Amino acid sequence: MKPSVLRDKSFAFALRVVRLSQELQQNQKEFVLSKQVLRSGTAIGALVREGEFAQSKSDFINKLSIALKEANETEYWILLLQEAKLIKDELADSLQSDCKELIAMLVASVKTAKKVKSDK
């Protein structure tokens, strides 16, 4: 499998989200929001991986577009956790930064894939 910055960053982000969810459940006894951020935050990388074996260019674009939606949702949950004072500002800012980076990468990837598809 060839190197992929998006795959690696989305996987690393998913690990951070898993640890965040564990922390929220164990120490804060917060189960609803922790599961929401866990679901959306780990879905990003899973969808990127699915896209690697897409059946067509349209399928690839669809997988990454859904990953983009999940990243946007994850950004929302992190902000909500921060505003509810369930996570510290420093952690929230770091997670938000990583999430925004993934969003930018996904937007660029989808745009490039759409351009390549329309050029054919």
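## Salt bridges and the nonpolar core

Let's start with R39, which is partly exposed, with a relative accessible area of 38%. The side chain of R39 meets that of E73 in a salt bridge, 2.3 Å from N to O. This pair links distant parts of the chain, since R39 sits in helix α2 and E73 in helix α3, 34 residues apart. Please keep in mind that this is a predicted model.

**Salt bridges**

- In total, the structure holds 10 salt bridges.
- E73, the partner of R39, is partly exposed too, at a relative accessible area of 23%.
- Another salt bridge joins K9 to E101, with the closest N and O atoms 3.1 Å apart.
- Because K9 lies in helix α1 and E101 in helix α4, this pair ties together parts that are 92 residues apart in sequence.
- K9 is partly exposed, with a relative accessible area of 34%, and E101 is partly exposed with a value of 34%.
- D59 and K63 also form a salt bridge, their closest N and O atoms being 3.8 Å apart.
- D59 and K63 are 4 residues apart in helix α3, so about one helical turn separates them.
- K63 is buried, with a relative accessible area of 18%.

**Nonpolar core**

- The largest nonpolar core has 28 residues, and F13, L20, I44, I78, L81, I87 and L106 are those with the most contacts inside it.
- Helices α1 (5-28), α2 (32-52), α3 (57-83) and α4 (89-119) are the elements that give two or more residues to this core.
- α4 gives the most, with 8 residues.
- Leaving aside neighbours within four places in sequence, L81 is in contact with L20, L24, L33, V37, L86 and I87.

Conventions. Residues are numbered from 1 along each chain as its sequence is written. This is a predicted model: local features need pLDDT of at least 70, side-chain atom pairs count only at pLDDT 80 or more; totals for chains, interfaces and linings use all residues. Side-chain values use heavy atoms; hydrogens and water are left out. A nonpolar core is a set of buried Ala, Val, Leu, Ile, Met, Phe, Trp, Tyr and Cys residues joined through side-chain atoms within 4.5 Å. Buried means under 20% relative accessible area, exposed over 50%, partly exposed in between (1.4 Å probe, protein chains only). Contact means heavy atoms within 4.5 Å. A salt bridge is a side-chain nitrogen of Lys or Arg within 4 Å of a carboxyl oxygen of Asp or Glu.
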